[in-house]
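Here is a guided walk through one model. Start with the strands, then move to the cores and the charged pairs.

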Amino acid sequence: MIATYTVTRIIANDIRSAVKDRAIVTLDADEATPALLAGTPVIVVGVPSISEDTGCAYRLEWETAVIGAPVGDQAAAWQTLDDLLTLIDPVIEWDSVRPITWQGAQTASAPAYLITHSSIEYKGDPRS
């Protein structure tokens with residue numbers, strides 16, 4: 001069984017536990033704008049790609065956006081990014097982290113990082 005949604009929810013919950021109330025963690029990018037407008041940083045865990053299939057296992061790769069806030073204060077938002085990356089670091093092992101500018105509906109641009117991370121999952125056992 002391939003269980004990309006289940007595994008993604010597990011990763012989002014791990015990130016949520018790590019950042020506690022410091023950011024909203026969601027699988028839905030549409031939830032970012034209201035939180036950012038309210039001054040709350042957001043972490044959006046995207047739908048993973050499947051890049052390998054060995055028969056009994058498959059490799060998933062995510063692009064997770066870590067978006068700083070408050071939107072109107074670039075320096076404070078950037079510091080928030082550093083704080084969130086520090087909290088996330090023990091939870092996921094990232095392949096790369098690159099800076100992006102998040103453009104959400106009705107928001108000014110916000111500094112953000114796009115984290116690429118991956119894992120090997122076994123078919124039939126989505127982390128039990």
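Buried means under 20% relative accessible area, exposed means over 50%, and partly exposed lies in between (1.4 Å probe, protein chains only). Helices (H or I, at least four residues) and strands (E, at least two) are DSSP runs, numbered from the N terminus. This is a predicted model: local features need pLDDT of at least 70, side-chain atom pairs count only at pLDDT 80 or more, and totals for chains, interfaces and linings use all residues. Residues are numbered from 1 along each chain as its sequence is written, and side-chain values use heavy atoms, with hydrogens and water left out.

Begin with strand β6, residues 110–122. Of its 13 residues, 10 are buried, so the strand is mostly covered. Two strands pair if DSSP finds at least two bridges between them. β6 pairs with strand β4 (residues 57–67) in the antiparallel sense, over 11 bridges. There, Glu-61 stands opposite Ser-118 of β6. β6 also runs antiparallel to strand β5 (residues 94–102), joined by 8 bridges. Ile-100 has Ala-112 in β6 as its bridge partner.

Now the interior. A nonpolar core is a set of buried Ala, Val, Leu, Ile, Met, Phe, Trp, Tyr and Cys residues joined through side-chain atoms within 4.5 Å. The largest has 21 residues; Ile-15, Val-19, Val-25, Ile-43, Val-66 and Ile-88 touch the most other members. Two or more residues each come from α1 (4–19), β2 (42–45), β4, α3 and β6. α1 gives the most, with 5 residues. Take Val-19: leaving aside neighbours within four places in sequence, its contacts (heavy atoms within 4.5 Å) are Val-25, Ile-43, Leu-84, Leu-87 and Ile-88. A second, separate core of 13 residues includes Ala-35, Trp-102, Ala-112 and Leu-114.

Turn to the charges. Side chains of opposite charge can pair when their charged atoms come close. A salt bridge is a side-chain nitrogen of Lys or Arg within 4 Å of a carboxyl oxygen of Asp or Glu. The structure holds 4 salt bridges. Arg-59 forms one with Glu-61, the closest N and O atoms being 3.3 Å apart. Arg-59 counts as buried, at 19% relative accessibility. Glu-61 is partly exposed, at 25%. Asp-95 also bridges to Arg-59, at 3.7 Å between the closest N and O atoms. Asp-95 lies in β5 and Arg-59 in β4, so this pair ties together parts 36 residues apart in sequence. Arg-98 and Glu-63 meet in a salt bridge too (3.9 Å, N to O). This pair links β5 to β4, 35 residues apart. Salt bridges that share partners join Arg-59, Glu-61 and Asp-95 into one network.
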